[in-house]
Each structure stands twice: as structure tokens, then as C-alpha cells.
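Let us walk through a protein model together. Keep the sequence and the 3D view side by side as you read.

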Amino acid sequence: MDKENDKVRTPTGAERRGLRRLMLRLPAVRAQLQLIGEKSESLGSLCEAYEDASSMLDRLRSVVGDTNHAMVHEYEIVCAEIEADVVKYCLERGGRLLD
């Protein structure tokens, strides 16, 4: 087992919120995220980054007007890249995608 998963740590609020968002967004790895999400510092960093990026994306989408298209697209890409990193992280730690 990965030693990182044995550590006791207290995740930040942003990490927890990001983890919940990722669990909703990535149901194929939801169970594994639930098991390791609050134990892994590496995954915690990804969760926090996802919270920041997805929150900004939500704010940008809520602004009325055509001036934010480039920023919205940029944050969609950032969120998708973090999601891919999280799936890769889970798969590297022995997880499998659920159908």
C-alpha cells in the first residue's frame, strides 16, 4: 500500500469541496476517491486546484456577456486536465474504471 495513504492529515476546506466536485464529475473513480481523497496529499493538491478552477469557471459562466468566452474555454480546459490527472492518479494506484 502507498505510504502516503497511511498518513493522518486534515484536508483544507477547498480540498474537501474539490473532492466532492470531482466525485460528482468522475463517477467511474468515485469509490476510490472516497477512500483515498482525504489521506493523500498529492490528491489533496489536485482537489484544491480543481476547486479553485471550477469555482472560477462557475463565476465566469454566471457573468452575462460575450467577453468571457476565451476565459471560460481556458478554465474548461484546466478543469478537464485536472480531471484527467485525477483519473490517472487513481489508475496508477491500482484502481479501475467502473462501467
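A salt bridge is a side-chain nitrogen of Lys or Arg within 4 Å of a carboxyl oxygen of Asp or Glu. Keep that in mind, and note what kind of model this is. It is predicted: local features need pLDDT of at least 70, side-chain atom pairs count only at pLDDT 80 or more, and totals for chains, interfaces and linings use all residues. Residues are numbered from 1 along each chain as its sequence is written, and side-chain values use heavy atoms, with hydrogens and water left out.

Start with the fold. The chain has 4 helices and 0 strands. Helices (H or I, at least four residues) and strands (E, at least two) are DSSP runs, numbered from the N terminus. Read from that end, the order is α-α-α-α.

Next, look at contacts and surface. A contact means heavy atoms within 4.5 Å. Take the contacts in the chain with a separation of 6 or more: residues 24 or more positions apart account for 71% of them. The chain has 99 residues, and 37% of them count as buried. Buried means under 20% relative accessible area, exposed means over 50%, and partly exposed lies in between (1.4 Å probe, protein chains only). The chain exposes about 6,400 Å², with 54% of it supplied by carbon and sulfur atoms. Such areas come from the Shrake-Rupley method with a 1.4 Å probe; for residues, only the protein chains shown count as cover.

Now to the charged pairs. How many salt bridges does the structure hold? There are 7 salt bridges. In one of them, Arg-21 pairs with Asp-58, and the closest N and O atoms are 2.9 Å apart. Arg-21 lies in helix α1 (residues 13-25) and Asp-58 in helix α3 (residues 41-62), so this pair ties together parts that are 37 residues apart in sequence. Arg-21 is partly exposed, at 27% relative accessible area. Asp-58 is partly exposed too, at 38%. Both belong to a network of salt bridges that links Arg-17, Arg-21, Glu-51 and Asp-58.

Move on to Arg-25 and Glu-83. Their side chains meet in a salt bridge of 3.0 Å, N to O. This pair also links distant parts of the chain: Arg-25 sits in helix α1 and Glu-83 in helix α4 (residues 69-92), 58 residues apart.

Finish inside helix α4. Glu-92 forms a salt bridge with Lys-88, with the closest N and O atoms 4.0 Å apart. The two residues are 4 apart in the helix, so about one helical turn separates them. Glu-92 counts as exposed, at 53% relative accessibility.
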